[in-house]
Amino acid sequence: MTTHQAADFLCLSGIGKTFHGTPAVRDIDLTITAGESVCFLGPSGCGKTTLLRLIAGLETPDVGQISLNGVDITGVPPRARHFGMVFQSYSLFPHLTVGKNVAYGLRCRKWNTADTRRRVQEMLDLVQLADHIDKLPNQLSGGQQQRVALARALAAQPHVLLLDEPFSALDAKVRGQLRADVRELQSRLGITTILVTHDQEEAMAVADRIVVMNGGRIEQIGSGPEIYHAPDTAFVGRFVGDMNVLQVRGNAEGRLMLAGKSLAVNEAVRPCCDRVGIRPEAIQLVQDAIGPNHFQVAVLKTQFLGKQTRLDLLLDGQPIQVDVYGQRDITFAPGDLIPVFLPPNEIRPLNEH
Ligand code: ATP
């Protein structure tokens with residue numbers, strides 16, 4: 001498999017695309033390193049697929065430039081980009097056998113018969129479908145068909161592998177297995193991969209870096225742990241897991257007040273920050289409300305969810321949720337007042353955008 005050593009392998013600068021007067025993506029600046037696995041994550045309509053299609057050459061940007069290894073490919077047609085693509089629907093040729101589906105791109109590229117046969121075998125071994133080489137797509141399960149699509153996309157040694165929600169038509173168990181397989185294959189082959197998904201867990205499982213999109217723009221880029229533990233905005237915090245967003249009063253020196261008390265945070269706070277985020281599992285139940293970052297809260301309801309108990313609480317008139325793990329004897333009733341602690345290192349000052 002071809003690997004490219006350049007640090008800035010695939011570069012998007014100032015990319016924008018508008019359909020019928022409505023921007024689908026805008027102001028996209030992104031650099032992807034050779035061998036990296038990147039995920040475009042965001043809600044329906046945020047522009048993920050459009051961005052992937054722009055990279056594939058299936059759409060042309062209105063503004064901006066795409067370059068590969070320092071060469072401008074903005075106007076290069078899809079086939080000449082030599083990218084492999086796997087779509088949500090299996091998109092195999094129904095009248096061709098598994099082997100012929102995988103060979104298709106190689107024949108287009110004029111590989112000779114012996115090399116094609118060897119490569120098809122190698123690819124089917126890779127996706128563990130060698131025994132199915134003579135079957136037709138409709139004789140395979142959904143997960144198997146998607147593995148064939150993957151083998152077909154990888155066969156001609158593409159510069160980049162593009163995956164557009166490839167697991168979404170599969171049931172949960174097959175999806176989990178296939179995404180683990182894709183991750184394993186991606187790191188084994190060292191192929192630069194871009195995956196589109198709206199599933200945060202999938203993004204975490206497959207990507208080195210996650211690009212969170214919102215309203216056609218990039219909201220934040222980071223590793224799974226960075227995105228989860230240090231979201232920049234309330235949108236990212238809430239889209240990737242659950243997050244309590246609390247209104248605070250910030251002063252010009254970056255000090256914060258909540259419920260009439262000073263709120264200690266570990267991170268630098270921009271002047272007049274007015275919102276902070278904290279994960280439900282990060283808030284602790286404590287003995288008393290005395291001390292920094294201890295607050296008295298009112299219980300609204302408790303829900304036993306198996307692994308954890310979820311508490312709906314009111315802190316200074318603001319609803320918050322707390323997840324308590326490994327504690328069996330939670331017997332709060334609505335209206336009870338209980339003390340909680342917000343650890344300073346778990347509080348994230350949030351930006352508007
Ligand atoms: P989903 O997860 O639902 O597929 P997405 O994040 O991939 O959503 P896109 O498919 O990129 O979003 O769409 C972004 C916006 O651009 C949407 O408002 C969509 O309706 C619009 N759009 C995308 N393709 C076209 C097109 N060919 N013609 C007109 N509008 C389009």
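This note goes through the pockets, helix packing and sheets of a predicted model.

1. The largest pocket in this predicted model has a volume of about 680 Å³. Of the 20 residues that line this pocket, the closest to its centre are Arg79, Phe83, Gly84, Met85 and Gly105. When the lining of the largest pocket is divided by class, 13 residues are nonpolar, four are polar and three are charged.

2. The second largest pocket has a volume of about 210 Å³, and the residues that line it include Thr97, Gly99, Lys100, Ala103 and Arg107. Also among its lining residues are Thr113, Thr116, Arg117, Val120 and Gln121, together with Ile133 and Asp134. The elements that give two or more residues to this lining are α3 and α4 (113-126), and the largest share, five residues, comes from α4. By class, the lining of the second largest pocket has three nonpolar, five polar and four charged residues.

3. The crossing in which α3 passes α5 is right-handed.

4. Helix α5 has packing contacts with two further helices that deserve a look. With α4, the angle is about 135° and the axes lie 9 Å apart, so that α4 and α5 are oblique to each other; α4 passes α5 in a right-handed crossing. With helix α6 (residues 172-189), α5 packs at an angle of about 20°, with the axes 11 Å apart, and these two helices are therefore roughly parallel to each other. Here, too, the crossing, in which α5 passes α6, is right-handed.

5. Turning to the sheets, three strands form an open sheet in the order β12-β13-β14, and their pairing is antiparallel. Strands β12 (249-250) and β14 (261-263) stand at the edges, and because each has a single partner strand, one side of each is left without a neighbour in the sheet. The antiparallel pairing of β12 with strand β13 (residues 256-258) extends over two bridges, and for a reader who wishes to locate this pairing in the structure, Arg249 has Met257 of β13 as its bridge partner.

6. Another open sheet has five strands in the order β16-β20-β17-β18-β19, again with antiparallel pairing. Its edge strands are β16 (284-285) and β19 (318-325), each of which pairs on one side only. Strand β18 (residues 308-315) runs antiparallel to β19 and is joined to it by eight bridges; within this pairing, the bridge partner of Leu311 is Val322 in β19.

Key:
Residues are numbered from 1 along each chain as its sequence is written. This is a predicted model: local features need pLDDT of at least 70, side-chain atom pairs count only at pLDDT 80 or more; totals for chains, interfaces and linings use all residues. Side-chain values use heavy atoms; hydrogens and water are left out. On a 1 Å grid over the protein atoms alone, a cavity is a set of points where a 1.4 Å probe fits but cannot get out, and a pocket is an open set with protein on both sides within 12 Å along at least five of seven lines; lining residues have an atom within 4 Å of a point. Grid points are joined across faces, edges and corners, and a volume is the space filled by probe spheres set on the points. Ala, Val, Leu, Ile, Met, Phe, Trp, Tyr, Cys and Pro count as nonpolar, Asp, Glu, Lys and Arg as charged, and the others, Gly among them, as polar. Helices (H or I, at least four residues) and strands (E, at least two) are DSSP runs, numbered from the N terminus. Two strands pair if DSSP finds at least two bridges between them. A crossing is left-handed if the near helix is turned anticlockwise from the far one by less than a right angle, and right-handed if clockwise. Axes are lines fitted to C-alpha atoms, for helices over the stretch in contact, and angles run from 0 to 180 degrees between N-to-C directions. Angles under 35 degrees count as roughly parallel, over 145 as roughly antiparallel, 65 to 115 as roughly perpendicular and the rest as oblique.
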